[in-house]
Amino acid sequence: MDVSDAALLLAAGLAAGTVNAVAGGGSLITFPAMIAVGLPPVPANVSNSVAVFPGYVASVAGSRQDLPPRRTLAALVPTAIVGTIAGALLLLATPARAFELVVPFLVLGATAVLAFQDPLRRLVGHPRDLPPRRRTVTVQAMVAVGAVYGGYFGAALGVMLVAGLALVLDATLARVTALKNLLSALVGLTTLVVFALFGPVNWAAVAVVAPATLVGGYAGARLVRRLPSVVLKVLIVVFGTSIGLYLLWRALR
C-alpha cells in the first residue's frame with residue numbers, strides 16, 4: 001500500500017463514518033475504495049465490515065442522549081447478535097451473486113417505506129395503537145432482518161434499520177437514528193469477531209480506515225441531533241435511493 005492508497009482509504013473512512021451516523025450506507029464509500037486499492041471483492045467486503053465498526057461506536061457516543069431505556073436495548077441485543085452471526089456465516093459459506101441481485105431491491109424498498117411512512121402507518125396502524133405484544137414482536141422482527149442483512153453485506157444497513165424501526169416505533173427520527181447507531185455497532189462488533197476468526201481480513205487497510213470512521217462517526221452523530229426531522233428524512237431517502245440504484249447498476253452490469 002503506497003501513500004496515495006492510504007490517502008484514499010483515509011478520506012473514504014472519514015466520509016463513511018459521517019454518512020453512517022446521518023443516514024447509513026457509508027460502506028458504499030469504503031468498499032469501492034478498498035477495491036480501488038487492489039483488494040479482491042470478498043476480502044474487501046470482509047475488511048470493510050471490520051473497519052467501519054469504530055465509526056458505529058463513535059456514532060453511539062454522539063447520540064447516546066437519544067437512546068431508549070436500557071431494558072428496551074437489552075431485549076434487542078440477542079436478536080441483533082444471532083441475526084448478524086447468521087448473515088456473516090451465510091456470506092462465508094454461499095455464493096454472493098444471488099444476494100447481490102436482491103440487495104438493491106431491499107434497499108430501495110426500505111427507502112420507500114421511510115418515504116411513505118405516514119400512509120403506511122395509517123394502513124398498518126400507528127405503533128401507539130398496537131397491542132404491546134404485537135409491537136414487541138414487530139420490532140424484534142425488524143431488528144432480526146436488519147441484522148442478517150448487516151452480517152451478510154452491511155451496506156445501507158442504516159437506511160434499512162431506520163426505515164423499519166421508524167414504521168414500528170412511536171419515537172422521533174433522531175431517537176430512531178440513535179437506536180440504529182447502537183444496533184449497527186452491535187452488528188459491527190459481531191461481524192468483527194466472526195471475520196477476524198474466519199474471514200480474509202486485510203489488517204493494513206483496516207488500520208487506515210478504522211480511525212477515520214471514528215472521527216466521522218462522532219461528527220455525524222452530533223450533526224443528526226441538530227437537524228429537523230423533515231430534513232433528516234429527506235437526506236436518508238435521497239441517499240437510500242442513490243445507494244439502491246447504484247447497487248442495482250453494479251449487480252446488472
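Helices H3 and H10 each supply at least two residues to the lining of the largest cavity. This is a predicted model, in which local features need pLDDT of at least 70 and side-chain atom pairs count only at pLDDT 80 or more, while totals for chains, interfaces and linings use all residues. Residues are numbered from 1 along each chain as its sequence is written, and side-chain values use heavy atoms, with hydrogens and water left out.

**Terms**
- On a 1 Å grid over the protein atoms alone, a cavity is a set of points where a 1.4 Å probe fits but cannot get out; a pocket is an open set with protein on both sides within 12 Å along at least five of seven lines; lining residues have an atom within 4 Å of a point.
- Points are joined across faces, edges and corners, and a volume is the space filled by probe spheres set on them.
- Helices are DSSP runs (H or I, at least four residues), numbered from the N terminus.
- Ala, Val, Leu, Ile, Met, Phe, Trp, Tyr, Cys and Pro count as nonpolar, Asp, Glu, Lys and Arg as charged, and the others, Gly among them, as polar.

**Largest cavity**
- The largest cavity holds about 90 Å³ of space.
- Its 13 lining residues include Ser49, Val52, Tyr56, Gly150 and Gly154, the closest to its centre.
- H10 gives the most to this lining, with 4 residues.
- The lining of the largest cavity has 5 nonpolar, 8 polar and no charged residues.

**Largest pocket**
- The largest pocket has a volume of about 410 Å³.
- Pro68, Thr72, Val139, Leu169 and Leu179 are the closest to its centre among 19 lining residues.
- H8 supplies the largest share of this lining, 5 residues.
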